[in-house]
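The sequence and the coordinates are shown below.

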Amino acid sequence: MEKSDFDLQHQNQSPESRIVAALEKISQAFRVLLWHESRDFALSPIQVQVLIFLLYHSEEKRKVSYLAGEFNMTKATISDTIKALGQKGLIKKAHEPNDTRSYIMHLTERGREIAEKASLFTREIHVPVDKLHPDDKENLLLSLLNIIRHLNRAGIITPQRMCMNCAYYESSGNGQKHFCKLLNQNLEVTDLRIDCPEYKMKA
């Protein structure tokens with residue numbers, strides 16, 4: 001019978017289960033920090049996440065259909081979120097030039113102000129990461145990228161705009177060497193991106 005990562009007897013004998021349990025604790029921290037941030041602005045956590053996403057991503061990604069995929073939610077749920085943010089005066093919609101049925105979301109001045117402040121909600125998680133040795137940062141980043149890649153391939157999360165999923169990316173040496181065909185250069189582990197503006201989905 002498969003053992004649960006939350007079975008303490010098993011967990012304390014398994015480093016893999018302790019790693020999974022540790023990641024779950026960190027995910028709790030993200031939820032708590034995001035909840036505190038959203039409460040300060042009288043918004044829901046998903047409303048804060050949408051504002052932050054709109055702040056840092058291009059127009060082609062600021063559409064209901066794209067946002068639904070990004071946050072693994074239905075279009076109806078995202079539409080309700082967009083409607084609520086519009087009523088609060090934090091975003092405005094503009095028709096797409098070539099398709100009047102489609103809208104592009106834009107932050108208002110107040111929406112941008114809130115998004116900029118709210119986007120710093122991870123500051124406390126940043127503190128211990130800053131203190132890691134450079135080698136530990138590289139190992140941690142590569143490990144997390146591989147976990148995200150697996151979750152994507154397993155269909156648990158939507159395709160991620162990261163180097164390892166990109167059409168421009170190549171690896172060799174059993175995944176130890178990384179190369180970007182767009183930049184035409186080798187990449188260090190610290191160069192690997194979680195969310196790349198130039199990302200191109202593999203065919």
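How are H3 and H6 oriented relative to each other? The model is a predicted one. In it, the axes of H3 and helix H6, which spans residues 109-118, cross at roughly 100°. An angle from 65 to 115 degrees counts as roughly perpendicular, and H3 and H6 are therefore roughly perpendicular to each other.

## Overall architecture

The protein contains eight helices and five strands. Read from the N terminus, the order of elements is α-α-α-α-α-β-β-α-α-α-β-β-β. A box of roughly 55 × 45 × 40 Å along the principal axes holds the C-alpha atoms.

Of the 203 residues in the protein, 32% are buried. Among contacts with a separation of 6 or more, 48% are between residues 24 or more positions apart.

## Surface and charge

## Packing around H3

Helix H3 covers residues 45-56 and packs against helix H5, residues 75-87, at an angle of about 80°. Their axes are 10 Å apart. That angle makes H3 roughly perpendicular to H5. On the H3 side the residues in contact are Ile46, Gln47, Val50 and Leu51; on the H5 side they are Thr81, Ile82, Ala84 and Leu85.

With H6, the axis of H3 comes within 9 Å. Here Val48, Leu51, Ile52 and Leu55 of H3 meet Arg112, Ile114, Ala115, Glu116 and Ala118 of H6. Leu51 is listed in the contacts of H3 with H5 and also in those of H3 with H6.

## Residues with positive phi

Most residues other than glycine have a negative phi. Alanine 42 has a positive phi, near 55°. This alanine sits in the loop between helix H2, residues 15-40, and H3. Is alanine 42 buried or exposed? Its relative accessible area is 57%, and the cut-off for exposed is over 50%, so alanine 42 is exposed.

Asparagine 184 also has a positive phi, near 55°. Asparagine 184 counts as exposed because its relative accessibility is 60%.

## Two alanines in helices

Alanine 84 lies in helix H5 and is one of the residues that meet H3. Its relative accessibility is 17%. The cut-off for buried is under 20%, so alanine 84 counts as buried. Between alanine 84 and leucine 54, which are 30 residues apart along the chain, the C-alpha separation is 15 Å.

Alanine 29 belongs to helix H2. With a relative accessible area of 29%, alanine 29 is partly exposed. Proline 134 is 105 residues from alanine 29 in sequence, and the C-alpha atoms of the two are 24 Å apart in space.

Definitions and conventions
Residues numbered from 1 in each chain as written. Predicted model: local features only at pLDDT ≥ 70, side-chain atom pairs only at ≥ 80, totals over all residues. Heavy atoms only, no water. Helix = DSSP H or I, 4+ residues; strand = E, 2+ residues; numbered from the N terminus. Buried < 20%, exposed > 50% of the residue type's maximum accessible area, 1.4 Å probe, protein only. Contact = heavy atoms within 4.5 Å. Axes fitted to C-alpha atoms, helices over the stretch in contact; angles between N-to-C directions. Parallel < 35°, antiparallel > 145°, perpendicular 65-115°, else oblique.
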